[in-house]
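Visitor: Please take one part of this model and go through it slowly, residue by residue where that helps. I would like the cut-offs stated as you go.

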Amino acid sequence: MLKATATSRSPAGVAAEPPVAKAAAAPPPVAIGARLRHARRVKGLLIKDLAQQVGVSISLISKYENDKLLPPLTVLHALVTALETNIGALFEPNWTGADYVSRAGSRPRIAAGGDGESAGVTLERLVAHAPGHLLQGNIHIVAPGGGSMGPMQHEGDEVGYVLEGRLVLGIDGVEHELGPGDSFSFPSQLAHTYRNPGQEVTRVLWINTPPTF
């Protein structure tokens with residue numbers, strides 16, 4: 001005689017739902033203080049020299065190098081220009097970019113400072129940093145009130161698509177209010193700014209060529 005085994009059943013006529021897989025947690029942003037300090041020393045610069053070139057105070061450079069404060073994107077651009085490197089190399093020295101596919105939750109993230117202690121902007125890297133790449137892609141994750149914190153200008157072209165949230169994009173002195181589904185493109189030589197004026201996080205798919213981050 002066969003023994004009945006206990007099984008968990010759904011109510012009659014209702015199919016059991018499959019277990020829901022948990023999304024992988026995103027890796028924490030990379031701390032760059034030691035790398036900034038190393039790059040400065042390789043260039044033979046004192047903190048005051050770098051501060052003068054970038055246009056910030058000596059105390060701010062010290063805070064960046066000791067991971068007490070995250071520089072905003074405008075300052076990051078100025079730092080890597082003065083140190084003759086780029087943002088990708090600064091943040092991703094251990095990611096080879098050999099794979100053609102990167103999974104959700106596993107991509108490197110770059111964190112930039114905001115107003116006060118807020119996390120202004122986080123860049124989720126879609127294209128690995130590697131010599132010879134012609135294209136750069138990120139998802140810009142902009143906290144409420146966060147943004148570029150000043151104008152940027154550099155070589156190349158860029159195109160973007162707002163995935164969610166609101167974005168005020170300034171191009172050559174003119175501001176444009178964008179929402180989900182809106183897109184934009186412009187030459188990077190034009191001074192450009194962006195900010196999140198809303199109360200929710202904004203996510204923007206942003207592509208540059210050549211790589212500047």
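Guide: K63 is found in helix α3, residues 58-65 (helices are DSSP runs of H or I of at least four residues, strands are runs of E of at least two, and both are numbered from the N terminus). The model is predicted, so local features need pLDDT of at least 70 and side-chain atom pairs count only at pLDDT 80 or more, while totals for chains, interfaces and linings use all residues. Residues are numbered from 1 along each chain as its sequence is written, and side-chain values use heavy atoms, with hydrogens and water left out.

K63 has a relative accessible area of 39% and is therefore partly exposed (buried is under 20%, exposed over 50%, partly exposed in between, with a 1.4 Å probe and protein chains only). Leaving aside neighbours within four places in sequence, K63 is in contact with K68 and L69 (contact means heavy atoms within 4.5 Å). G33 is 30 residues from K63 in sequence, with 8.2 Å between their C-alpha atoms.

S148 lies in the loop between β3 (136-142) and β4 (157-164). With 1% relative accessibility, S148 counts as buried. A polar atom of the S148 side chain lies 3.0 Å from the backbone oxygen of G150. Not counting residues up to four places away in sequence, S148 touches P72, L73, T74, T193 and Y194.

Y194 leads on to the core. Y194 and L169 touch the most other members among the 36 residues of the largest nonpolar core (a set of buried Ala, Val, Leu, Ile, Met, Phe, Trp, Tyr and Cys residues joined through side-chain atoms within 4.5 Å). Helix α4, residues 73-82, gives the most to this core, with six residues. Beyond four places in sequence, the contacts of Y194 include L73, V121, H140, M152, L169 and W206.

Now the sheet. Three strands form an open sheet in the order β6-β5-β8, with antiparallel pairing (two strands pair if DSSP finds at least two bridges between them). β6 (174-178) and β8 (192-195) stand at the edges with a single partner strand each, so one side of each has no neighbour in the sheet. On average, neighbouring strands here are turned by 20° against each other, direction ignored. Strand β5, residues 167-171, is joined to β8 by four bridges. V168 stands opposite R195 in β8.

Terms used:
Axes fitted to C-alpha atoms, helices over the stretch in contact; angles between N-to-C directions. Polar contact = N/O pair within 3.5 Å; in protein donor to acceptor, adjacent residues only side chain to side chain.
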